[in-house]
Amino acid sequence: MPIASHPEAVAAEIRRKIVCREEQSWSEFGFDEVEARVWQEAGIPAGKPQLAAICRRAPELGGSELNPADLQMRLHGGETVLNSLLHGTNALRLIERIDAARGLRRRIPTSYGLALGVGKFPLSVPSARHALRSCEKDPDPRKLPAVLDGVAELITREYRAREPRRTLMADARSYLDGAAPSQLLLDCAKAFGVYGDSEALRTLAPVIAASGSEVDRAWGVAQIFDACSRDRHLFFATAESARLIRDASTDMTTEVPIHATDLPSASGMLWLTGDNTASTKVLAWNSTLDGTLRASLVSGKRLLLRATSRDVNHTAKHTTAIVRMSEFGSGKNPILDERFDERHRSLQTLLAFVHLSRAARENSPPGSTAIGKTPNRDEVVVVSLKPDGQPRALPAELPVRSRNVQWRVRGHWRRQWYPSANEHRLLWIQEHMSGPSDAPVLFHERISVVRT
């Protein structure tokens, strides 16, 4: 796709045109005749009073007020403040450039700054950085709980930094549907020299409503890792097994039936150990009761880069596959989300893992393994108690059975008796919690080691 026709490039051009639009009345922007003359003599065109308003109202966006004399200030690259305005630079970007020229390291941690992708947000997560480096250097399934918790914290913080933008997009859509403009939308519009409900705001709102596809991806990945951190189903593929899964995913088609009963768990995280031919990957998935399946495949190196980043704007892009799973026994293919991209191998990698695991079960000798187990999968059990969402070791001196706890029951088949039909039928029981609802949650973290 040519750069000129890329949706983000088109949206950026529209935003620049809004900043540089033609306006006639200086009084509508709060300037009297004398003030208007001063700004015009400093270089602001007579038909662009909004540029002068951007300078004078910069403090409302977290910057310092700019006077007519400041228009000739040189920014990095030799461009002046005036030329930057005339080229359509929005107010928040301009404030950043002016602060850099003045040697200031001030950040703009405001909701509208974050909503426009301009605000800074410290993202460094030491726990994720340490866990990822440790597991990449010395792959060990017992390290996966720390990796999961660190990555979940990283993804959650990254989403929170983008959450205001998601709110802004929703506000813009509501405004286009006839609702009054929200305060967040009005504040963000100030960055483009738009003040109050006007024709310029009606031009800007569709651009805001349609922007931020990375926000939706971040939200989807946050959902997946949030479910993984709660359910604690972890899988560790050795380098040989990871190579087998990668090879299978290369030729794997998405036109194969998949049901909740095919998944190794309702949600889970698979560590694909890297080798000399491929880097480490982290595959995470989550399924819901309505049959929706989300999967995300992330490079271990990219996760590490994001864990060490100090700016949310420098993080890597997310790739998430969303499908509606097949009905059990229907033989129909899953329904792919309209935004599905074949180049992102998250769904294909999950399908390869699922089908290889199923083949291993079907090919195992009768009676060699328990129901639902595979002969090439070991389990490392880690016990932790989570009373308030934070992992905590269970005291060794108190046996588990003496505690009043909740525990997770994994999805399973039950032979249900139907008196009306006078027969037993197979009934799939979804994964659920058991035990007192106000009791702490006991997790047996079974880290399945997948071997060839």
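Start with the whole structure on screen: a search of it turns up two cavities of 30 Å³ or more. Bear in mind as you click around that this is a predicted model.

**Stop one: a cavity**

Go to the second largest cavity, which has a volume of about 30 Å³. Which element gives the most? That's α5, with four residues. Switch to colouring by residue class and the lining of the second largest cavity comes up as eight nonpolar residues, with no polar and no charged ones.

**Stop two: α7 against α8**

Next, select helix α7 (residues 126-137) together with α8. Their axes come within 8 Å and cross at roughly 140°. That angle makes α7 oblique to α8, because the roughly antiparallel label is kept for angles over 145 degrees. The crossing of α7 past α8 is left-handed.

On the α7 side, pick Ser127, Ala128, Ala131, Leu132 and Cys135. Facing them in α8 are Leu144, Ala146, Val147, Gly150, Val151, Glu153 and Leu154. By class, the contact of α7 with α8 has nine nonpolar, two polar and one charged residues.

How do their axes cross?

For the contact itself, show Leu168, Met169, Ala172, Arg173, Tyr175 and Leu176 in α8. Their partners in α10 are Leu201, Arg202, Ala205, Pro206, Ile208 and Ala209. Sorted by class, the contact of α8 with α10 has 10 nonpolar, no polar and two charged residues.

**Stop four: α9 on α10**

Leave α10 showing and bring in helix α9 (residues 183-190). The axes of α9 and α10 come within 11 Å and cross at roughly 105°. The two helices are therefore roughly perpendicular to each other, a label that covers angles of 65 to 115 degrees.

Which residues meet here? Select Leu185, Leu186 and Ala189 in α9, then Leu201, Leu204 and Ile208 in α10. The class colouring gives six nonpolar residues for the contact of α9 with α10, and no polar or charged ones.

Conventions: Residues numbered from 1 in each chain as written. Predicted model: local features only at pLDDT ≥ 70, side-chain atom pairs only at ≥ 80, totals over all residues. Heavy atoms only, no water. 1 Å grid on protein atoms, 1.4 Å probe; cavity = no way out; pocket = protein on both sides within 12 Å on 5 of 7 lines; lining within 4 Å. Points joined across faces, edges and corners; volume = space filled by probe spheres on them. Nonpolar A, V, L, I, M, F, W, Y, C, P; charged D, E, K, R; others polar. Contact = heavy atoms within 4.5 Å. Axes fitted to C-alpha atoms, helices over the stretch in contact; angles between N-to-C directions. Parallel < 35°, antiparallel > 145°, perpendicular 65-115°, else oblique. Left-handed = near helix turned anticlockwise from the far one by under 90°.
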